[in-house]
Amino acid sequence: MQKAFIRLFELDSDTMLKLYNTLIRKKMPFKPIHDKLVGLYTCGITAYYSPHIGNMRTYINEDVIRRVIQRNGYSVTHIQNVTDVGHLVSDADTGEDKLRLAAEKEHRTMRSIADFYTKMFTDDMESLNILMPSLMPKPSEHIPEIISLIKRIDEKGFLYKAEDGMYFDTAKFKSYGELTGMTLKELLDNLKAGARVDVVKGKKNITDFVVWRFAHGDEKEMIWDSPWGRGFPGWHIECSALSMKYLGEHFDIHTGGVDHIAIHHTNEIAQSEAATGQKFVNYWMHMNFLVVEGQKMSKSLRNIFTVQDILGRGYNPLAFRLFMMSGHYRQILNFTFEGLDNAVKTLNGMYSFLERLGEVKNTAKNLDTNDFKKAITTHKKLFFKALNDDINTPQSLAEMHAVISETNSRKESGKLNKAEARFVAKVMLTFDEVLGLNFAEHVSAKKEPLAAEIKKLVDERETARKSKDFKKADEIRKLLGEKYHIVLEDTKDGVVWHKP
Ligand SMILES: [Zn+2]
């Protein structure tokens, strides 16, 4: 806590954390409800397919947001649901349950489908170095909480019965659609233009949505009794019930993709505030889309990739993470394999830079050490200032590159000494608290003595190279890569090695 306090104290008002709030469509200073404790809710996956790289861009950005908040000295309770029931085919709440359909198609239970894809998702999160949420609750395990929230909505008079379920009457909620920044008429025109709203018998308004869906006769799995009959909860109600259970009825930040603004989050606000009579969430943050090679991802274009596809092509998942941070989260980002190749080069460059810092042997005293450190410290401040300015990751990465290039030019001029190198390494590690690119592994890589066997091979290769036996040198390089996952690089200062 002491450390956190000092961090906050160091910041002047210019560098205080500001976040863009979709609700008011501008940046505002971040002030949590409870002093240093922050409640953060993230819409999780619907566990019936492997998330594509566009989904994972959202989770990477949300991870950076969480890390920046933590870096500002706050302690974050992060809740991210995993939908295992209730997400209907159309986001406008019509059609069948996505998981139920998948289960029927694959002749498996909904539970096994949900468990399978949840595991795949958490594996992806791990490989992308996304911090695990404090909790990943499932609606199927919170039916009593969901039913009691629906009861409260019912008691306030917002509920009515239609043919296939209990609906929320959006006409009764005065500020419905506020999050979209559109008038109700504009919102309705927009929904109609979307042409994905089916007609449900008894549904009053086009924007009304199901909170409890009645079971069909033959449905058995994930069906529960309720005051309104047997059935299962709607998708929107799940996020309201789960977030309020773990974060309280009024909490700090709710994040999700921009595609959730018009329906899912708008409905979450309506039903939560209808039930509690108070404001639901203070800051709404939305992550923009990822396009692939300039085009929207679609099955027909065959440009939907998963993290597994990226790994399968031999890419380091952290290079993908770096690429995703190269754009601002509120802007559309264009994913290209050329861009990913560049991110690989950039990331490897950072790793080599860190490893070389550990090799600096110069112990000479420099008269201008303080000037150098001051310049690095300025970039460090600007790095965090950029992040605190609504998570400007591209700008913060530019500041980090400035640290690398200033250090490199000092090294090239023969000045960089050991203490300065250590100072820069420490700054880089501070950056990585937010970037999550595993810098620590590369800073310390050189500190571990090379295992005798590896050292012998590196030396043998060096001898072969010097005696111009390039065939042998290449064979040893290959062996080191395949057996020990070590990459060698010939520099003018001799051979250096790192683990990619
Ligand atoms: Zn949600």
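Me: How many bridges hold S3 and S4 together, and in which sense do they pair?
Reply: This is a predicted model, and in it S3 and S4 pair over 6 bridges in the parallel sense.

Me: OK, and which residue in S4 stands opposite Val38?
Reply: That's Val76.

Me: What's the strand order in the sheet?
Reply: The order is S4-S3-S11-S12, an open sheet of 4 strands with parallel pairing. At the edges sit S4 (75-80) and S12 (281-287), each pairing on one side only. From one strand to the next, the twist averages 20°.

Me: Which helix packs on the sheet?
Reply: Helix H7, residues 235-247, does, and it touches S3, S4 and S11 (251-257). The direction of H7 makes about 155° with that of S4.

Me: Switching topic: where is Ile45 found?
Reply: Ile45 is in the loop between strand S3 (37-42) and helix H2 (53-71).

Me: Buried or exposed?
Reply: Ile45 counts as buried, because it has 25 C-beta neighbours inside 10 Å and the cut-off for buried is 20 or more.

Me: What is Ile45 in contact with, leaving aside its neighbours within four places in sequence?
Reply: Pro51, Asn55, Val82, Thr83 and Phe121.

Me: And what separates the C-alpha atoms of Ile45 and Lys468?
Reply: A separation of 55 Å, with the two residues 423 apart along the chain.

Me: How is the chain divided into domains?
Reply: Domain 1 covers 2-287, domain 2 is made of 310-317 + 337-448, and domain 3 runs over 449-500. Taken over C-alpha atoms, the centres of domain 1 and domain 3 are separated by 52 Å.

Me: Now the helices. At what angle do the axes of H12 and H14 cross?
Reply: Roughly 5°, and the axes of H12 (residues 369-388) and H14 (residues 418-435) come within 11 Å. Angles under 35 degrees count as roughly parallel, so H12 is roughly parallel to H14.

Me: Which residues make that contact?
Reply: From H12 you have Thr369, Phe372, Lys373, Ile376, Lys380, Phe383 and Leu387. H14 brings Glu420, Phe423, Val424, Val427, Thr430, Phe431 and Val434.

Me: How many of those are nonpolar, polar and charged?
Reply: The contact of H12 with H14 has 9 nonpolar, 2 polar and 3 charged residues.

Key:
Residues are numbered from 1 along each chain as its sequence is written. This is a predicted model: local features need pLDDT of at least 70, side-chain atom pairs count only at pLDDT 80 or more; totals for chains, interfaces and linings use all residues. Axes are lines fitted to C-alpha atoms, for helices over the stretch in contact, and angles run from 0 to 180 degrees between N-to-C directions. Helices (H or I, at least four residues) and strands (E, at least two) are DSSP runs, numbered from the N terminus. Angles under 35 degrees count as roughly parallel, over 145 as roughly antiparallel, 65 to 115 as roughly perpendicular and the rest as oblique. Two residues are in contact if their C-beta atoms, placed from the backbone, lie within 7 Å. Ala, Val, Leu, Ile, Met, Phe, Trp, Tyr, Cys and Pro count as nonpolar, Asp, Glu, Lys and Arg as charged, and the others, Gly among them, as polar. A residue is buried if 20 or more other C-beta atoms lie within 10 Å of its own, exposed if 12 or fewer, and partly exposed in between; C-beta atoms are placed from the backbone. Two strands pair if DSSP finds at least two bridges between them. Domain bounds come from an automatic or database domain assignment.
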